[in-house]
Amino acid sequence: KKQTISNLKYTNAYLDAGGDYKCVATNILQKNGMPANFTSPSTVVQVSPKVSVNSRQVDAVRGSSVHLTCTATGYPTPDLTWKFNDKLMAGEVTQKNTTISLSSLMLRSVTAISHGGLYKCEARNSASPSDSATITVMFSPEVVAPPDPVSVGVDYLEDLTLSCTVSSYPAVNKVTWYRNSREVSASS
């Protein structure tokens, strides 16, 4: 009786290591009409997901459309989910095969208030750990109120307060006021 040990080794195993493995043993007897060779039970190798996104940061313009794409590889094929500011949202899975998942998210008529923030694509399969990637949708500051010139009346020696609302992501770090094209202090 002769015992043989065979090892299959992957160095830095990645996606190509995932799959259904079997060890098949044969010897000279199979060539002489003996019964079929011996096959071991299956061994399934799982590969944890790896996520990539089309961009880590998107500079959006109000009213335009933004297309976010997320690709994940792994074995078995990962399931993808999208989150916006940590809240689950619907994504569109456009492709899924044995090892790759592709999901896209189309944001239409974007605004800083509704769409500015962090979008996270998460990939999970039965292997662990899961993986994720984040896309930040950013907006330049935009004064959103008042939309048209406004006249304000004030009585002599009364306090006057003017307001402007600015929408952006990330938040503005400075608002500057001008009077007759000259900069004035907000506390004047």
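Predicted model: local features only at pLDDT ≥ 70, side-chain atom pairs only at ≥ 80, totals over all residues.
Residues are numbered from 1 along each chain as its sequence is written, and side-chain values use heavy atoms, with hydrogens and water left out.

**View A. Salt bridges in the model.** A salt bridge is a side-chain nitrogen of Lys or Arg within 4 Å of a carboxyl oxygen of Asp or Glu. By this rule, the count is 3 salt bridges.

**View B. The salt bridge between Arg62 and Glu142.** The closest N and O atoms of Arg62 and Glu142 are 3.2 Å apart. This pair links distant parts of the chain, 80 residues apart: Arg62 lies in the loop between strand S6 (57–60) and strand S7 (66–75), and Glu142 lies in strand S13 (residues 131–145). Strands (E, at least two residues) are DSSP runs, numbered from the N terminus. Arg62 is exposed at 53% relative accessibility, while Glu142 is partly exposed at 26%. Here buried means under 20% relative accessible area, exposed over 50%, and partly exposed in between (1.4 Å probe, protein chains only).

**View C. The salt bridge between Glu122 and Lys83.** The closest N and O atoms of this pair are 3.6 Å apart. Glu122 in strand S12 (residues 117–124) and Lys83 in strand S8 (residues 79–84) are 39 residues apart. Glu122 is buried, at 13% relative accessible area, and Lys83 is partly exposed, at 24%.

View D. The side chains of Lys120 and Glu122 form a salt bridge with an N to O distance of 3.9 Å. Through shared partners, salt bridges join Lys83, Lys120 and Glu122 into one network. Lys120 is partly exposed, with 26% relative accessibility.

Terms used: Helix = DSSP H or I, 4+ residues; strand = E, 2+ residues; numbered from the N terminus.
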